[in-house]
Structures are given as structure tokens and as C-alpha cells.
Amino acid sequence: MKHTTLPTDHRSTGVRNGAAIAAPPRDRRRKRRRPASQQWAAWGFLAPVTLYLALFYAYPLYRNLDLSLRNYTVRSFVQGDAPFTGLANYRTVFDNPTFAPALLHTAVFTAACLVFQYAIGLALAVFFNQHFRLSATLRALFLVPWLLPLIVSASTWSWMLNSDSGIVNATLHAVGIGPVNWLTSPSWSLTSVIIANIWIGVPFNLVVLYSGLQSIPTSLYEAAALDGASAWRRFWSITFPLLRPVSAITLLLGLVYTLKVFDIIWIMTKGGPADSSTTFATWSYQLGFGNLLPAFGPGAAVGNLLVVAALVFGLIYLKVQRKQALS
């Protein structure tokens with residue numbers, strides 16, 4: 001009886017002590033090359049973004065931190081011999097009598113703008129979600145404040161709130177109310193810039209929240225309506241809970257933007273009168289560029305406080321999102 005032996009291709013298979021050789025050398029080389037090429041392609045796509053972040057974010061943050069830790073003057077920028085002072089600039093900022101009012105104004109300005117921008121934007125988003133006639137046209141018109149340059153918006157509000165010739169005081173006079181010094185009174189200056197910033201920020205909240213409403217299935221509303229739920233009940237039980245992730249990112253972006261608002265306040269009141277509308281953003285500019293003898297170090301320190309505040313709230317947001325994802 002003859003046994004037929006099949007030819008063995010030693011390039012593809014083999015037997016060693018009864019065990020087959022797992023993978024041929026040539027195939028292993030091919031499998032190694034593919035991940036390497038994919039990795040280089042990934043780095044190629046990441047390189048422009050990484051370079052952009054390094055040049056326009058990381059380096060300015062490093063320079064601002066260096067400014068806050070040294071005693072920079074105009075001469076120091078030319079000669080580059082600014083002495084290292086450690087946290088002296090931060091102590092100067094904390095001991096400055098403007099620190100407490102600026103901190104309070106920043107907190108009030110940020111909180112008021114966030115609450116009203118979100119509330120008005122959500123109400124408008126729910127209103128336009130009804131898809132009535134001309135809803136798209138009206139929604140586009142609401143984007144105008146967001147599309148205008150900030151200098152135009154701030155100048156328009158400065159004219160409207162002018163004590164002598166503003167249209168707001170003219171309207172108040174027509175209904176029998178005396179004029180209000182919106183921009184020149186310490187009692188009203190902060191309120192004036194808050195109103196202007198709310199008007200500018202509402203369209204952003206409207207757009208983001210409206211897009212979030214589009215992702216909520218209409219079948220949920222139909223089922224709730226069949227169960228007899230009122231419109232207010234449907235909002236609190238369906239709309240508001242399902243809109244929570246979109247609301248969180250909207251508030252976070254609004255917080256970061258509002259903390260650094262400078263143009264509107266500076267154009268309308270320049271932080272005055274008597275520092276009644278001064279925030280950290282305007283105070284940082286005043287310290288660094290608003291005097292004949294600029295204090296670059298303290299100005300950079302105030303700017304870094306804003307960066308830390310935005311970073312803290314960003315970390316809180318990430319932690320809350322992680323908890324929600326785990327639950």
C-alpha cells in the first residue's frame with residue numbers, strides 16, 4: 001500500500017515538532033507595514049491642527065504666564081532682561097482695591113448673561129420648533145445680532161442708551177418716566193452692558209438649542225399628548241431632560257465667551273464710571289495698556305485668573321459628563 005505525500009509549500013506552512021508554523025515571514029512584514037503607514041497618515045492629518053494649537057494657543061498662554069511671573073516694563077521688552085518676581089504680581093492684584101469689585105462684577109455679569117441668554121434662547125427655540133409659516137424667515141432674522149461685528153452692536157447700544165438723545169430714554173419719556181443715565185450712572189452701567197450682551201448672545205443659544213430639539217423624536221410628544229399631558233408637562237418631562245446634554249455644552253461655551261467679553265463693555269462704558277462696570281477682562285486691559293506706565297505683569301496675572309476660571313468650569317463639565325455616561 002502506497003502512501004501519497006502531498007507537496008509542502010515551505011513558504012506558507014511548515015511543521016516543527018508536530019506544531020504548525022503560525023505565520024510566514026513575508027505576511028508578517030506586510031502586516032507590520034500597514035499600521036506604520038496608517039500611523040504616518042494620522043500624524044499627517046494631526047500636524048496642521050497641532051501646529052495651529054501650539055502657535056496660537058500654547059505659546060500665547062506660555063508668554064502670558066511668563067509675563068505674570070516677571071517684572072516686565074517697556075524697556076524689558078526691548079532688552080529682554082525682565083527680572084523674575086514669582087507670585088509678586090498676583091499678590092499685587094489681590095491687594096489692589098479694584099480686585100473685589102472687579103470679581104463681583106465679573107460674577108454678576110457672567111451669571112446674569114448666562115441665565116437670560118439661555119432662558120430666552122430656549123423659549124425661542126421651543127417657539128420656532130412649532131414649524132409655523134415664516135418660522136424659518138423669523139429664525140434667520142434673529143441671527144442678525146450674532147452676525148454683526150461687536151463694535152457695531154456695542155456702538156448701536158451706546159446710541160440707544162444715550163442719556164440725552166437715546167431712543168430708550170425717548171420711549172420712557174413718552175410713557176411718563178424720567179430719563180435714566182444708563183451709561184454714566186454707577187447704578188446702571190453694569191445693567192446696561194448686561195442687556196447689550198444678552199441681546200448679542202441669545203441667537204447663539206437659539207441656534208444650538210433649536211438643533212438639539214430637532215433630535216428629540218416626535219413620537220414621544222404624541223404619546224404624551226395621548227396620555228393627556230399638557231404642553232407644560234411635556235416640556236418638563238420630555239424636552240428639558242432630553243435637552244440636558246445640549247444645554248450643558250451651550251452653557252459651557254456661553255460661560256467661556258462671557259468671561260472674556262471685553263469689546264462691548266469697553267466701547268459702551270470703558271469699565272466706568274468709577275469702575276462700576278469693570279470686569280477682569282477690562283481690568284486686565286487697563287493694567288496692561290490703559291496707562292502711560294503699563295503694568296504688564298499684573299495685567300497678565302488678571303488674564304491668567306480668567307483662564308483658570310474657564311479651565312475649572314471646563315473640568316467640572318467633563319466630570320459631570322463622565323458621571324452621566326457611567327450612570
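Let's start at Trp182, which touches Leu161, Ser163, Val168, Asn169, Leu172, Trp188, Ser189 and Ser192, leaving aside residues up to four places away in sequence; contact here means heavy atoms within 4.5 Å. This is a predicted model, in which local features need pLDDT of at least 70 and side-chain atom pairs count only at pLDDT 80 or more, while totals for chains, interfaces and linings use all residues. Residues are numbered from 1 along each chain as its sequence is written, and side-chain values use heavy atoms, with hydrogens and water left out.

Trp182 also belongs to the largest nonpolar core, which has 37 residues; Phe109, Leu161, Trp182, Ile194 and Met268 have the most contacts inside it. Such a core is a set of buried Ala, Val, Leu, Ile, Met, Phe, Trp, Tyr and Cys residues joined through side-chain atoms within 4.5 Å. Buried means under 20% relative accessible area, exposed over 50%, and partly exposed in between, with a 1.4 Å probe and protein chains only. Among the elements giving two or more residues to this core are helix 4 (99–128), helix 7 (150–160) and helix 13 (263–268). Helix 9 gives the most, with 11 residues. Helices are DSSP runs (H or I, at least four residues), numbered from the N terminus. Apart from this core lies another, of 15 residues, including Phe99, Ala301, Leu306 and Ala310.

Next, look at the rings. Phe, Tyr and Trp rings (for Trp, the six-membered ring) pair if their centres lie within 6.5 Å; planes under 30 degrees apart count as stacked, over 60 as edge-to-face and the rest as tilted. The count comes to 21 aromatic pairs. One of them, Phe262 with Trp266, is stacked, at 5.6 Å centre to centre and 20° between the planes. Phe289 and Phe296 have ring centres 6.2 Å apart and planes at 75°, so this pair is edge-to-face. Phe289 counts as exposed because its relative accessibility is 59%, whereas Phe296 is buried, at 14%. Phe262, Trp266, Tyr285, Phe289 and Phe296 form one aromatic cluster.

Finally, what lines the largest cavity? Thr106, Phe109, Thr110, Thr258, Leu259, Val261, Ile265, Thr279 and Ala281 do. On a 1 Å grid over the protein atoms alone, a cavity is a set of points where a 1.4 Å probe fits but cannot get out, and lining residues have an atom within 4 Å of a point. Helix 4 gives the most to this lining, with three residues. By class, the lining has five nonpolar, four polar and no charged residues.

Definitions and conventions: On a 1 Å grid over the protein atoms alone, a cavity is a set of points where a 1.4 Å probe fits but cannot get out, and a pocket is an open set with protein on both sides within 12 Å along at least five of seven lines; lining residues have an atom within 4 Å of a point. Ala, Val, Leu, Ile, Met, Phe, Trp, Tyr, Cys and Pro count as nonpolar, Asp, Glu, Lys and Arg as charged, and the others, Gly among them, as polar.
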